[in-house]
Amino acid sequence: MSTWRNKVVVAALAAAVLTGPGVAQAAPPPAAASQEQAPAATITWTLERASNPTQDQQTAYNLITAAMNAAVARYNNLSDLGKNITVRYDPGVPTADGNINGTIRFGNRGYMTERTALHEIAHTIGVGTSSGWSSLSSGGTWHGAQATALVKRFDGSGATLSTGGGHFWPYGLNYENEFSNTAADRHVQIVAAMVRDGL
């Protein structure tokens, strides 16, 4: 990643964290003569809150807000994907889950992280949840040309994008130990390529 792109992502993430809870709006990167700029993205989110939250709820809301602001800022800076997402805190959910209908539920505190938010946003966009996923991920491998070419660019000509159980790897961010800034950026780029493939 170029120094220019690093500065843009850091600035956008910082700006998103400073916005009020509930909605992250990433500032568009400044245009540079020699840089290709991604089209403006339209991922937005809202957090359903209790009118008089308990301490447990407020702690969860704070963690979820930080995670979602960072994840949405990353998606909006690196893709042109669009989705309106509704987020809920549901202590009955053992981890977290995302649905193509645009809902994400967070339960366990250990999953209220940017990594989980990125992963669940992918489910709302169609990873593991759309008819396109079913037709393009047969036999344990992604068959779309764009995402396949991208993983080969990242990892070499022999690389493949594996699928199973509604998830993909590498860069699916299926576990916390898979998270890094590079992996998170590549995750967003692969999801966007999957959408171009027909996800």
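The secondary structure of the protein chain comes to six helices and six strands. Helices (H or I, at least four residues) and strands (E, at least two) are DSSP runs, numbered from the N terminus. The model is predicted: local features need pLDDT of at least 70, side-chain atom pairs count only at pLDDT 80 or more, and totals for chains, interfaces and linings use all residues. Residues are numbered from 1 along each chain as its sequence is written, and side-chain values use heavy atoms, with hydrogens and water left out.

Along the sequence, the elements follow the pattern α-β-α-β-β-β-α-α-α-β-β-α. The protein chain has 199 residues, of which 46% count as buried. Buried means under 20% relative accessible area, exposed over 50%, and partly exposed in between (1.4 Å probe, protein chains only). The accessible surface of the protein chain is about 9200 Å². Carbon and sulfur atoms hold 53% of that surface. Accessible areas come from the Shrake-Rupley method with a 1.4 Å probe; for residues, only the protein chains shown count as cover. Among contacts in the protein chain with a separation of 6 or more, 61% link residues 24 or more positions apart. Contact means heavy atoms within 4.5 Å.

Strand pairing was examined next. Two strands pair if DSSP finds at least two bridges between them. Strand E1 covers residues 42–47, and its side chains alternate. Ile-43, Trp-45 and Leu-47 point to one face and are buried. E1 runs parallel to strand E2 (residues 82–89), and six bridges join the two. Within this pair, Leu-47 stands opposite Val-87 of E2. Helix H2 (residues 55–78) carries the chain from E1 to E2, and this β-α-β crossover is left-handed. A crossover is right-handed if, with the strands pointing away from the viewer, the path from the first strand over the helix to the second runs clockwise.

E2 also pairs with strand E4 (residues 103–106); the two run parallel and are joined by four bridges. Val-87 has Ile-104 as its bridge partner in E4. Strand E3 (residues 96–98) pairs with E4 in the antiparallel sense, over three bridges. Here Ala-96 stands opposite Phe-106 of E4. The hairpin of E3 and E4 has four residues between the strands. In this hairpin, Gly-102 takes a positive phi near 95°.

Helix H5 spans residues 145–155. Its buried residues are Ala-147, Thr-148, Leu-150, Val-151 and Phe-154. Seen down the axis of H5, these residues fall within an arc of 160°, so they line one face of the helix. The arc is that of the directions from the helix axis to the C-beta atoms. The buried residues of H5 pack against H6. Exposed Ala-145 and Arg-153 sit on the face of H5 turned away from its buried side. Just after H5, Gly-156 has a positive phi of about 105°.

The loop between strand E6 (167–169) and H6 contains Pro-170. The peptide bond from Trp-169 to Pro-170 is cis, with omega near 0°. Tyr-171 lies in the loop between E6 and H6. Its phi is positive, about 70°, although Tyr-171 is not a glycine. Tyr-171 counts as buried because its relative accessibility is 14%. Leu-173 is also found in this loop. Its phi is near 50°, again a positive value in a residue other than glycine. Leu-173 is buried, with a relative accessible area of 0%. Most residues other than glycine have a negative phi, and most peptide bonds are trans.

His-187 lies in helix H6 (residues 181–197). Its relative accessibility is 0%, so His-187 counts as buried. A polar atom of the His-187 side chain lies 2.8 Å from the backbone oxygen of Tyr-171. The backbone oxygen of Leu-118 lies 3.3 Å from a polar atom of the His-187 side chain. Neighbours within four places in sequence aside, His-187 is in contact with Tyr-75, Leu-118, His-119, Ala-122, Phe-168, Tyr-171, Gly-172 and Leu-173.

Val-195 is also placed in H6. At 32% relative accessibility, Val-195 counts as partly exposed. Its contacts, leaving aside neighbours within four places in sequence, are with Leu-81 and Ile-125. Val-195 and Trp-133 are 62 residues apart in sequence and 9.4 Å apart in space, C-alpha to C-alpha.

How values were computed. Polar contact = N/O pair within 3.5 Å; in protein donor to acceptor, adjacent residues only side chain to side chain.
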